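This report describes one protein model and the ligand placed in it. Please look at the sequence and the structure before reading on.

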Amino acid sequence: MSFKNIIVTGANRGIGLEFVRQLLKQSNSPKNLIATTRKQSPELDSLKSTHNNLHILNYDATNYDSYDDFVKQVESIVKNEGLDLLINNAGMAIRSTLETVTPKDILTNVEVNAVAPLMLTKALLPLLKVSAATGRKTLVANISSAMGSIDDNGLGGHYAYRASKVTMNMFTKSLSVDLKSDNIIVMTLHPGWVVTDMGGPNALINTETSVSGLLDVFNKADMSSNGKFVDFAGKERKW
Ligand SMILES: NC(=O)c1ccc[n+]([C@@H]2O[C@H](COP(=O)([O-])OP(=O)(O)OC[C@H]3O[C@@H](n4cnc5c(N)ncnc54)[C@H](OP(=O)(O)O)[C@@H]3O)[C@@H](O)[C@H]2O)c1
């Protein structure tokens with residue numbers, strides 16, 4: 001893995017925690033892996049006790065007033081090297097059918113899953129630009145979902161969650177255009193249907209398979225991947 005300085009949001013459980021586990025296990029583990037959480041995490045604390053390169057920071061997605069302080073903490077960790085990989089993983093799924101959906105549910109889901117990752121990317125842009133300017137591969141990986149694909153929507157429903165991920169996909173596309181000249185790659189990813197609190201017990205794959213596939217996608221990414229919607233198996237998805 002060529003990424004030296006990495007942030008994973010929502011790292012205390014599910015797919016985010018598995019990113020941390022696998023990144024720490026790699027033979028060339030990142031110099032600094034910043035895992036964010038909203039609360040004390042025994043799993044992350046235990047990993048930290050054996051990995052000096054793991055840093056645990058508090059990040060509550062919609063607490064925008066805390067972003068300045070968050071960026072300062074990241075800066076103090078990565079110093080003048082900048083940030084190579086931002087994995088916008090934190091997310092929520094509010095169940096909504098046509099009968100139950102409310103404006104509040106849609107707005108909350110879109111805010112947490114799309115608005116906050118965009119604002120975090122914006123706040124961290126100076127650090128991402130430092131990495132890219134030194135010629136290192138710099139990637140913003142937005143963990144989206146096939147549920148955000150209009151083309152894939154054969155089942156309907158899920159108004160709040162689908163709205164949040166289709167919005168994330170559109171933000172990804174705009175970022176990929178706006179940041180192309182800075183040599184920053186921006187991708188949107190479908191992690192598969194994964195056994196987690198969100199995916200439930202009947203999901204098709206485990207976190208190990210999802211994350212090892214996504215890390216492979218990140219490793220292979222280059223400017224030709226910019227603005228692409230790709231799944232954990234490396235397959236390009238329809239919008
Ligand atoms: N599992 C699937 O099948 C699947 C499929 C497609 C896409 N995804 C996407 O993959 C990502 C990870 O999902 P997962 O299955 O690992 O879900 P999960 O097990 O429910 O974990 C969600 C993570 O996001 C964090 N989070 C939620 N709201 C947050 C907020 N407002 N601020 C900061 N952190 C917040 C949670 O922190 P707390 O513990 O503090 O709540 C937790 O760490 C999500 O973006 C999800 O939409 C998952």
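Is Lys-79 buried or exposed? Lys-79 has a relative accessible area of 58%, and because the threshold for exposed is over 50%, Lys-79 counts as exposed.

## Two loop residues with positive phi

The model is predicted. Lys-79 sits in the loop that joins α3 (67-78) to β4. Although Lys-79 is not a glycine, its phi is positive, at about 55 degrees.

Asn-183 also has a positive phi without being a glycine, here of about 65 degrees. Its place is the loop between α5 (159-178) and β6. With a relative accessible area of 46%, Asn-183 is partly exposed.

## The main nonpolar core

The largest nonpolar core contains 32 residues. Phe-19, Val-20, Leu-189 and Phe-218 have the most contacts inside this core. Two or more residues each are supplied by β1 (5-8), α1, β2, α2 (42-50), β4, β5, β6 and α6. The largest share, six residues, comes from α1. In soluble globular proteins, nonpolar side chains tend to be buried together.

Phe-218 touches Phe-3, Phe-19, Leu-85, Ile-87, Lys-137, Leu-139, Ala-141, Ile-143 and Leu-189, leaving aside neighbours within four places in sequence. A second, separate core has 25 residues, including Ile-34, Leu-57, Leu-128 and Leu-179.

## Helix α6

The buried residues of α6 are Thr-207, Ser-210, Val-211, Gly-213, Leu-214, Leu-215, Val-217 and Phe-218. An α-helix has 3.6 residues a turn, so residues three or four places apart point the same way. The elements against which the buried residues of α6 pack are α1 (14-25), β4 (85-88), β5 (138-143), β6 (184-190) and β7 (229-231).

## Ile-34 in strand β2

Ile-34 belongs to strand β2 (residues 32-37). Its relative accessibility is 0%, so Ile-34 counts as buried. Ile-34 and Ile-6 are 28 residues apart along the chain, and their C-alpha atoms are separated by 6.0 Å.

Not counting residues up to four places away in sequence, Ile-34 is in contact with Ile-6, Ile-7, Val-8, His-55, Leu-57, Val-74, Ile-77 and Val-78. Of these, Leu-57 is listed with Ile-34 in the second core.

## Asn-113, a buried polar residue

Asn-113 is part of helix α4 (residues 103-133). Asn-113 counts as buried because its relative accessibility is 1%.

A polar atom of the Asn-113 side chain lies 2.8 Å from the backbone oxygen of Met-92. The side chains of Asn-113 and Ser-164 make a polar contact at 3.1 Å. Neighbours within four places in sequence aside, Asn-113 has contacts with Gly-91, Met-92, Tyr-161, Ser-164, Lys-165 and Met-168.

## The ligand site

Around the ligand there are 27 residues, of which Asn-12, Arg-13, Tyr-161, Val-194 and Thr-196 come nearest. Tyr-161 is also among the contacts of Asn-113.

For Thr-196, a polar side-chain atom lies 2.5 Å from an oxygen atom of the ligand. For Arg-38, the distance between a side-chain N or O atom and a ligand oxygen is 2.8 Å, and for Lys-39 the corresponding distance is 3.2 Å. On its own, the ligand has 900 Å² of accessible area, and the protein covers 94% of it.

How values were computed:
Residues are numbered from 1 along each chain as its sequence is written. This is a predicted model: local features need pLDDT of at least 70, side-chain atom pairs count only at pLDDT 80 or more; totals for chains, interfaces and linings use all residues. Side-chain values use heavy atoms; hydrogens and water are left out. Buried means under 20% relative accessible area, exposed over 50%, partly exposed in between (1.4 Å probe, protein chains only). Helices (H or I, at least four residues) and strands (E, at least two) are DSSP runs, numbered from the N terminus. Contact means heavy atoms within 4.5 Å. A residue is near a molecule or strand if one of its heavy atoms lies within 4 Å of it. A polar contact is a pair of N or O atoms within 3.5 Å; within protein, one must be able to donate a hydrogen and the other to accept it, and residues adjacent in sequence count only if both atoms are side-chain atoms. Accessible areas come from the Shrake-Rupley method with a 1.4 Å probe; for residues, only the protein chains shown count as cover. A nonpolar core is a set of buried Ala, Val, Leu, Ile, Met, Phe, Trp, Tyr and Cys residues joined through side-chain atoms within 4.5 Å.
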